[in-house]
Amino acid sequence: MARAKKSYVCSNCGAIHGRWQGKCEDCGGWNCITEEVPQTSGAPKGLSGKKGRIIEITGLDTPAEDTPRLKTGIDEFDRALGGGLVKASAVLIGGDPGIGKSTILLQAMGKLALTGVDCLYISGEEATAQIQMRAERLGLTGAPLKLATATNLRDILTTLDSGNPPRVVVIDSIQTLYADHVESAPGTVSQVRICANELISYAKRKGTIVLLVGHVTKDGQIAGPRVLEHMVDTVLYFEGDRGHQFRILRAVKNRFGGTDEIGVFEMTGAGLSEVPNPSALFLSDRNSREPGSAVLAGMEGSRPVLLEIQALVARSSAANPRRAVVGWDSGRLAMVLAVLDQRAGLGLAGCDIYLNVAGGLKVSEPAADLAVAAALISSLAQVPVPDETVVFGEISLSGDIRSVSQAGARMKEAEKLGFSGAMMPSSQKLAGSSALSQQSMARVTELVDFFLPGGLS
Ligand code: TYD
Ligand code: MG
């Protein structure tokens, strides 16, 4: 009999390689390739002449049977989901261990159960007593939530099939499950894929909502949930660093809503509490008189968020000055620095530069360019950004300041939080429609002149 051919699967991205190697060429990860023995029985054969069942074909106008969204009652969670949970859908909640995935799901399920929704929470990581203790801390002891601890997929499916299907099932986490007909260990790509696949098809068959927790690990020992992203309907990632109390739940894929929507939470002694007005919280400790700080009027999905960007620029004699960036892309910082050097002659190449987005949020939109540039020049010139002023705009390689999306919403949020001015692209000047005084700019040189009217001394 022919020996089953081994394959080497990347536990980060699921790519299959013919031999073991240290680096996965597909995703660039190191030490993430593991050996797996494929199943011998599942070799694909031709369909032969046998006929299948005729599938039902309908039109777009078929009315939905039920209320389409199930609201959890945690508004920030519902917002990230695009308005609530959708019947028969599968949602993946990914994030670093300890970030708060189990906590938010327990809170959401507890709240749903209190409104009479049949919810089941299956944990493969914690004992029932531990979950009960946590529920007590979260003030959920009275909630009629069903709890179970299990790791065998067959047991879970048998249990689910034995009674009425619950409306919502949580699996915490997908990496602890194993299917006993597959040889590889729990947490490997094939196990994670098969277990998720079975649970998702259960969801579609019975109309149950399945929420899967997936850990993302840096060393790639456990299958990263990224291999599941294409299988589920919605992918939410929990972000934030453990040194900060803020947690951001971000939708990176959503078949039933917009992506980039965020829900903002604060980790407290009694679980995660919602932050309905993140701008006020992110700006609460700000000292606006210090040079090197600029407030970005940013957008997260459809929601405007004001954030403080801090920069520290110091002349350095080292051959390779230090660059340290937290919360922003370092490649983008290099680009802004190069534009400021080349187009405005600031000579930042010889400076140590530290850049930080306050509050632990990660900013990825190009509209932050101008705020970063303002913070950098303000620190270099030792001139604070004018009081009560927000900044937004994209910087192009030519040194032009380009317009960004949703300027109106950004300015409205700034107005709401008591700001009185905006530094912005001149192409976006809103005549008369905003109470903010608009300092509009077309080139980065205008920004430099603003802070250094006499040039660099
Ligand atoms: P957890 O939800 O267990 O993380 P995950 O499931 O993503 O691994 O969160 C654990 C962290 O949250 C832990 O470090 C303690 C903290 N925590 C609080 O600060 N307050 C609380 O009320 C709870 C339940 C947890
Ligand atoms: Mg957990």
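User: Which strands does H3 lie across, and at what angle does H3 run to S8?

Analyst: This is a predicted model. In it, H3 lies across S7 and S8, and its direction makes about 145° with that of S8.

User: Which sheet holds S7 and S8, and in what order do its strands come?

Analyst: Strands of a sheet pair through backbone hydrogen bonds, and the pairing is either parallel or antiparallel. In this structure S7 and S8 belong to an open sheet of nine strands with mixed pairing, ordered S8-S7-S9-S10-S6-S11-S12-S13-S14. Strand S8 (146-149) and strand S14 (271-274) are the edges, each pairing on one side only. From one strand to the next the twist averages 25°.

User: How do S6 and S11 pair, and over how many bridges?

Analyst: S6 (residues 90-95) and S11 (residues 234-239) are joined by five bridges in the parallel sense. Within that pair, leucine 92 is opposite valine 235 in S11.

User: Which strands of this sheet does H2 touch?

Analyst: H2 packs on the sheet and touches S6, S7 (119-123), S9 (168-172), S10 (209-215), S11, S13 and S14. The direction of H2 makes about 155° with that of S7.

User: Which elements supply at least two residues each to the shell around ligand 1?

Analyst: They are helix H2 (101-114), helix H3 (128-137) and strand S13 (262-268). H2 gives the largest share, three residues.

User: Which residues come nearest to ligand 1, and how many residues are around it?

Analyst: There are 17 residues around ligand 1, and Gly98, Lys101, Ser102, Thr103 and Gly271 come nearest. By type, the shell divides into five nonpolar, eight polar and four charged residues.

User: What polar contacts does ligand 1 make with glycine 98, glycine 271 and arginine 137?

Analyst: To read such a contact, look for N or O atoms within 3.5 Å of each other. A polar backbone atom of glycine 98 is 2.7 Å from an oxygen atom of ligand 1. For glycine 271, a backbone N or O atom is 2.7 Å from an oxygen atom of the ligand. With arginine 137 the side chain takes part: one of its N or O atoms is 3.2 Å from a nitrogen atom of ligand 1. As for cover, ligand 1 taken alone exposes 560 Å², and the protein buries 76% of that.

User: What is the strand order in the open sheet of seven strands?

Analyst: The order is S17-S18-S16-S15-S19-S22-S23, again with mixed pairing. Neighbouring strands are turned by 25° against each other on average, direction ignored.

User: How do S15 and S16 run, and what lies between them?

Analyst: S15 (residues 293-300) and S16 (residues 303-315) run antiparallel, joined by eight bridges. Alanine 297 is opposite leucine 306 in S16. The two strands form a hairpin with two residues between them, and glycine 301 in the turn has a positive phi of about 65°.

User: Which sense of pairing joins S16 to S18, and which joins S19 to S22?

Analyst: S16 and S18 (residues 351-357) pair in the antiparallel sense over seven bridges, with arginine 315 opposite cysteine 351 in S18. S19 (residues 389-391) and S22 (residues 421-425) pair in the parallel sense over three bridges. There, valine 390 has alanine 422 of S22 as its bridge partner. Helix H10 (residues 444-451) packs on this sheet, touching S22 and S23, and its direction makes about 125° with that of S23.

Note on methods. Residues numbered from 1 in each chain as written. Chains lettered and ligands numbered in written order. Predicted model: local features only at pLDDT ≥ 70, side-chain atom pairs only at ≥ 80, totals over all residues. Heavy atoms only, no water. Near = heavy atom within 4 Å. Polar contact = N/O pair within 3.5 Å; in protein donor to acceptor, adjacent residues only side chain to side chain. Areas by Shrake-Rupley, 256 points an atom, 1.4 Å probe, with all protein chains shown as cover. Helix = DSSP H or I, 4+ residues; strand = E, 2+ residues; numbered from the N terminus. Nonpolar A, V, L, I, M, F, W, Y, C, P; charged D, E, K, R; others polar. Pairing = 2+ DSSP bridges. Axes fitted to C-alpha atoms, helices over the stretch in contact; angles between N-to-C directions. Contact = heavy atoms within 4.5 Å.
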